Amino acid sequence: MIVAQITDTHIVHGVPDAGRRIADLARTIADINALDPLPDAIIHTGDIAHGGRPEDYALVASLFATARVPVYVAPGNRDHREHLRDAFAGGPCRAAEPRFLDYSVEEFPVRLLALDTVTPASNKGEFCVERVQRLIERIDADPAKPIAAFMHHPPFVVTVGPDPLNFTSPEALHRLQHALQHSGRVIAVFCGHVHRSTGGWIGAIRAMVATSTATTLRKGEFPAHLRDRPIYHLHRYDAAFGFSTEARIVAEADDDGAVSAVGSGARGAAGRDRRGDPAEHGLER
Ligand SMILES: [Fe+2]
């Protein structure tokens with residue numbers, strides 16, 4: 001089983017690098033489509049649209065429609081639950097309880113649990129008692145299969161970011177950490193939010209953070225020839241050894257900055273705003 005992870009695409013109109021963000025997502029999906037073997041699924045760990053407008057989700061949905069494998073989403077602090085849910089009507093998140101966009105994907109050797117760590121009160125994560133109960137019920141629903149949980153906010157202390165605590169309180173973080181360790185069947189956690197590749201542990205559970213798919217928003221230093229190339233994570237599952245994670249750099253773009261495998265809308269956007277505006281990138285999380 002292979003899971004491709006993208007995150008923090010922050011699709012929005014009206015910013016200098018709007019076209020670049022769209023192109024980065026389109027190029028990443030095209031790159032995933034060209035993998036051999038194909039992954040079994042794509043997960044997006046949130047901040048899909050920066051501002052949560054329906055028209056931005058509609059654009060994302062049209063790009064996801066070009067993917068050759070199913071795409072599953074978890075909400076980020078910049079997302080809007082209802083608009084996100086509406087944009088992906090018919091997918092598993094449709095069955096989620098109205099207040100929380102959490103659900104499970106059962107058709108793979110590893111169960112995928114999407115968690116909702118969002119609160120309208122903060123850009124940081126929240127995990128209330130009700131969500132703990134929902135997570136534990138989901139974990140207990142299948143006592144056999146291992147589980148990979150994916151969510152926006154990293155549920156561990158992040159030492160490379162400006163703030164090590166990405167939840168509203170240590171108590172909220174500890175509630176989620178405790179719930180994830182219930183049963184011992186959660187073997188991996190995949191998240192975003194930090195816009196920088198990093199990792200940590202929740203007890204014995206390995207947790208990985210993927211950098212922002214939007215190249216103008218990711219943190220860290222990159223050599224010039226890589227600054228235009230999105231990076232995503234491939235998580236490969238082995239029954240004996242669990243998940244191993246590879247950071248993959250997408251193929252180089254065509255001369256006009258586009259990838260031929262994607263639709264005309266993305267291709268038109270790809271040539272614009274190639275570098276974006278660095279001054280606009282500072283506080284996007
Ligand atoms: Fe973000």
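Leaving aside neighbours within four places in sequence, which residues is Asp116 in contact with? Asp116 is in contact with Ala74, Pro75, Phe100, Leu101, Asp102 and Arg131, where contact requires C-beta atoms, placed from the backbone, within 7 Å.

This is a predicted model, in which local features need pLDDT of at least 70, side-chain atom pairs count only at pLDDT 80 or more, and totals for chains, interfaces and linings use all residues. Residues are numbered from 1 along each chain as its sequence is written. The chain holds six helices and eleven strands; these are DSSP runs numbered from the N terminus, with helices (H or I) of at least four residues and strands (E) of at least two.

**Overall composition**

- Of the 285 residues in the chain, 48% are buried. A residue is buried if 20 or more other C-beta atoms lie within 10 Å of its own, exposed if 12 or fewer, and partly exposed in between, with C-beta atoms placed from the backbone.
- Among contacts with a separation of 6 or more, 71% involve residues 24 or more positions apart.

**Five-stranded sheet**

- Five strands form an open sheet in the order S3-S2-S1-S10-S11, with mixed pairing; two strands pair if DSSP finds at least two bridges between them.
- Strand S3 (71–73) and strand S11 (242–249) are the edge strands, each pairing on one side only.
- From one strand to the next, the twist in this sheet averages 25 degrees. Axes are lines fitted to C-alpha atoms, for helices over the stretch in contact, and angles run from 0 to 180 degrees between N-to-C directions.
- Strand S1 (residues 2–6) is largely enclosed by the rest of the structure, because four of its five residues are buried.
- S1 and strand S10 (residues 231–238) run antiparallel and are joined by four bridges; Ile2 stands opposite Arg236 in S10.
- S1 and strand S2 (residues 41–44) run parallel, also through four bridges, and Ala4 stands opposite Ile42 in S2.
- S2 pairs with S3 in the parallel sense over three bridges, with Ile43 opposite Tyr72 in S3.
- A right-handed β-α-β unit is made by S1, H1 and S2. A crossover is right-handed if, with the strands pointing away from the viewer, the path from the first strand over the helix to the second runs clockwise.

- Strand S5 (residues 111–114) and strand S6 (residues 147–150) run parallel and are joined by four bridges. Within this pairing, Arg111 of S5 stands opposite Ile147 in S6.

**Nonpolar core**

- The largest nonpolar core has 70 residues, of which Val60, Leu112, Ala114, Ala148, Ala149, Phe150 and Val189 touch the most other members. Such a core is a set of buried Ala, Val, Leu, Ile, Met, Phe, Trp, Tyr and Cys residues joined through C-beta atoms within 7 Å.
- Helix H1 (residues 18–33) gives the most to this core, with eight residues.
- Val60 touches Ile11, Ile48, Ala49 and Ala87, not counting residues up to four places away in sequence.
- In soluble globular proteins, nonpolar side chains tend to be buried together.

**Surroundings of Asp116**

- Asp116 is found in the loop between S5 and helix H4 (129–140).
- Asp116 counts as buried because it has 27 C-beta neighbours inside 10 Å.
- The C-alpha atoms of Asp116 and Leu135 are separated by 9.9 Å, with the two residues 19 apart along the chain.

**Backbone geometry in loops**

- Most residues other than glycine have a negative phi, and most peptide bonds are trans.
- Asp36 and Pro37 are joined by a cis peptide bond, with omega about 5 degrees; Pro37 is found in the loop between H1 and S2.
- Ser183, although not a glycine, has a positive phi of about 85 degrees. Ser183 is found in the loop between helix H5 (170–180) and strand S7 (186–191), and is exposed, with 12 other C-beta atoms within 10 Å.
- His193 is likewise not a glycine and has a positive phi of about 80 degrees. His193 lies in the loop between S7 and S8 and counts as buried, with 28 C-beta neighbours inside 10 Å.

How values were computed
Contact = placed C-beta atoms within 7 Å.
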